[in-house]
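Here is a short briefing on how the parts of one structure touch each other. Look at the sequence and the model first.

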Amino acid sequence: MDIRFWNQEIETLAQKDLRQLQLTRLRELIGYAMKTPFYHKRLKKAGISSPEDIQDLEDLQKIPFTVKDDLRQAFPKGLLAVDMEQVVRIHSSSGTTGIPTVIYYTAKDLDRWTDLLARGIVATGAGPADVFQNMMSYGLFTGGLGLHYGAERVGLTVIPVGGGNTQRQLQLMRDFKTSVLHITPSYLLHIHQRMPEFRISPADLNLKKAWMGAEPHSENTRLKLQELYGIDIYNSYGLSEMNGPGVAFECAYKKDLHVWEDGYIIEIIDPATGKVLPEGQEGEVVFTNLIRHAMPLLRYRTRDLAFLHPEPCPCGRTGRRMSRITGRTDDMMIINGVNVFPSQIEEILMSIPEVGNNYQIHLTRKEGLDRLAVKVEIYSKLFTGDLSQLDALKAKINDKLRASITINSRIELHEPGALPAFEGKAKRVVDERDKL
Amino acid sequence: MAKQVTIFLENRPGRMKSISDILLEKNLNIWAFTIQDRGDFGLMKIIVDKPDQAQIVLAERGVACVLKDVLAVIVPDRPGNLEKLTTALLQKNVNIKDAYGFVCPTGKQGICYLEVENPAGIDLETVIAEHGFSILNDKELYDL
């Protein structure tokens with residue numbers, strides 16, 4: 001096995017030294033956190049008023065968890081620890097209740113994050129000879145830009161094409177002999193299904209590897225896609241609160257994802273009690289971001305379920321490996337790689353007067369892509385008896401939803417009272433997608 | 001003008017029956033009906049002997065429905081009469097949004113129900129009468 005490192009010293013640092021480095025960086029982070037209105041108040045309440053109050057890593061557990069809603073409450077600048085003049089980039093996501101969340105980065109934050117991505121890229125064996133087609137969305141979503149800069153740092157040739165337009169993607173792969181992709185599993189599957197249409201087969205291309213992320217998927221899906229394309233596929237994990245992609249990456253062994261523990265403190269907790277679980281037990285993943293100073297986040301609850309492998313990896317990296325995501329502790333849906341909460345859809349529907357009380361969200365998968373259908377009841381009192389009204393209503397719902405969740409949906413109109421009522425345990429989400 | 005009850009219905013088995021069940025309970029008589037299909041749903045349009053009562057009883061059961069004015073035109077059952085009627089409306093630039101018609105075998109009379117857009121507010125009764133047709137009002141409809 002060809003084992004390569006981007007920064008061998010830090011990637012193979014003994015666990016004891018790694019913990020010491022985490023402690024040093026955590027203290028530094030507490031200093032920044034104290035500068036934010038949000039953490040100043042919260043840490044004081046927890047009895048922490050300076051970095052010296054953190055004696056060892058165990059003291060981290062004195063700090064209350066941070067959740068997604070805290071980010072909304074703190075919008076726009078309640079979690080900002082530096083002057084805006086020092087901020088060089090923001091990423092943002094649309095909010096459940098109309099309030100978005102925002103992430104700030106200084107130039108140094110981006111530099112540190114990019115370095116972690118470089119490690120992941122090199123861990124999969126990619127290098128300057130590779131041509132990298134980045135098929136994740138660019139823009140406010142962190143998936144595109146994150147890997148883009150990581151790949152440039154390592155010296156790959158980057159094709160910053162972003163998502164969508166299958167024909168063009170295949171054209172680029174052929175014209176530039178693309179060897180590495182960054183893509184969601186559903187899109188990779190979709191492209192394969194459409195290849196015959198463009199008279200291309202994987203054998204005509206120069207593909208060697210893919211980094212796959214943004215959607216949970218099973219080992220079987222990886223194996224199937226590897227076989228379909230004849231390539232190696234590596235799992236990548238990240239979230240914008242922890243900078244973006246590259247929080248954890250698989251190495252050449254493809255046996256789950258190394259967390260860059262000098263960059264992040266990972267804890268696995270019991271989602272019900274908040275207690276830290278023994279190593280190896282499955283629970284909710286909690287991260288503390290040690291490398292972003294513009295906007296510190298301490299003990300952030302991801303709502304993702306996973307477990308840690310205690311045993312070392314034969315590649316020699318000492319960062320512990322995290323399993324793939326086995327589930328969620330909330331009702332978040334992942335639709336073609338986009339995170340959507342049912343409450344976002346509800347918010348939109350309930351803002352439209354012609355829509356009645358009940359709704360249902362239907363998810364199916366066709367030709368490798370997720371399809372979203374939203375079933376709504378019409379509101380009798382505003383029914384005019386004209387088809388044009390109903391057609392316009394469908395278009396209006398779809399437009400408003402797309403503006404919020406960026407996804408096209410098929411709108412189905414139903415009679416008042418035809419859908420399961422909210423009271424009791426109405427099933428608002430019906431997910432009929434096969435497990436990827 | 002005659003009144004039509006326009007009903008929103010999902011396109012699945014049993015929906016038409018649910019409407020006729022409710023009307024039967026109140027002993028309401030259906031004179032004519034049609035369905036405008038739109039894929040997963042449709043609009044059922046009915047002419048009944050007591051449209052106001054029908055609308056109320058359906059609404060009470062949670063059915064999305066409204067009363068609409070329609071032109072009920074008596075057209076003698078002879079070739080060319082629909083052409084004559086539509087020409088009359090075209091001359092006045094009146095748009096027909098939806099229409100359905102049938103012939104009563106006993107009277108050799110045809111009846112055309114027309115949903116029209118008449119933004120200029122033209123007196124359609126007169127226009128139609130000028131072309132030799134007559135418009136039925138609710139009362140006359142019941143007496144058919």
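The points below go from domains to chains to a pair of helices. The model is a predicted one. Chain A is assigned two domains, domain 1 (8–330) and domain 2 (335–431), and 14 residues of chain A are in contact with 14 residues of chain B.

**Domains of chain A**
- The centres of domain 1 of chain A and domain 2 of chain A, taken over C-alpha atoms, are 32 Å apart.
- Domain 1 of chain A gives 10 residues to the contact, and domain 2 of chain A gives 11 residues.
- On the side of domain 1 of chain A that touches domain 2 of chain A there are 7 polar, 2 nonpolar and 1 charged residues.

**Chain B against chain A**
- Four strands of chain B, β1 (2–10), β2 (30–38), β3 (41–48) and β4 (65–76), each supply at least two residues of the side that touches chain A.
- The largest share of that side, 4 residues, comes from β1(B).
- By class, the side of chain B that touches chain A has 7 nonpolar, 4 charged and 3 polar residues.

**Two helices of chain A**
- Helix α10 (residues 342–349) of chain A and helix α11 (residues 387–405) of chain A have axes that come within 10 Å and cross at roughly 140°.
- Because of that angle, α10(A) is oblique to α11(A).
- The crossing of α10(A) past α11(A) is right-handed.
- From α10(A), the contact uses A:Gln344, A:Ile345, A:Ile348 and A:Leu349.
- From α11(A), it uses A:Ile397, A:Lys400, A:Leu401, A:Ser404 and A:Ile405.
- The residues of this contact between α10(A) and α11(A) are 6 nonpolar, 2 polar and 1 charged.

Key:
Residues are numbered from 1 along each chain as its sequence is written. Chains are lettered from A and ligands numbered from 1 in the order in which they are written. This is a predicted model: local features need pLDDT of at least 70, side-chain atom pairs count only at pLDDT 80 or more; totals for chains, interfaces and linings use all residues. Domain bounds come from an automatic or database domain assignment. Two residues are in contact if their C-beta atoms, placed from the backbone, lie within 7 Å. Ala, Val, Leu, Ile, Met, Phe, Trp, Tyr, Cys and Pro count as nonpolar, Asp, Glu, Lys and Arg as charged, and the others, Gly among them, as polar. Axes are lines fitted to C-alpha atoms, for helices over the stretch in contact, and angles run from 0 to 180 degrees between N-to-C directions. Angles under 35 degrees count as roughly parallel, over 145 as roughly antiparallel, 65 to 115 as roughly perpendicular and the rest as oblique. A crossing is left-handed if the near helix is turned anticlockwise from the far one by less than a right angle, and right-handed if clockwise.
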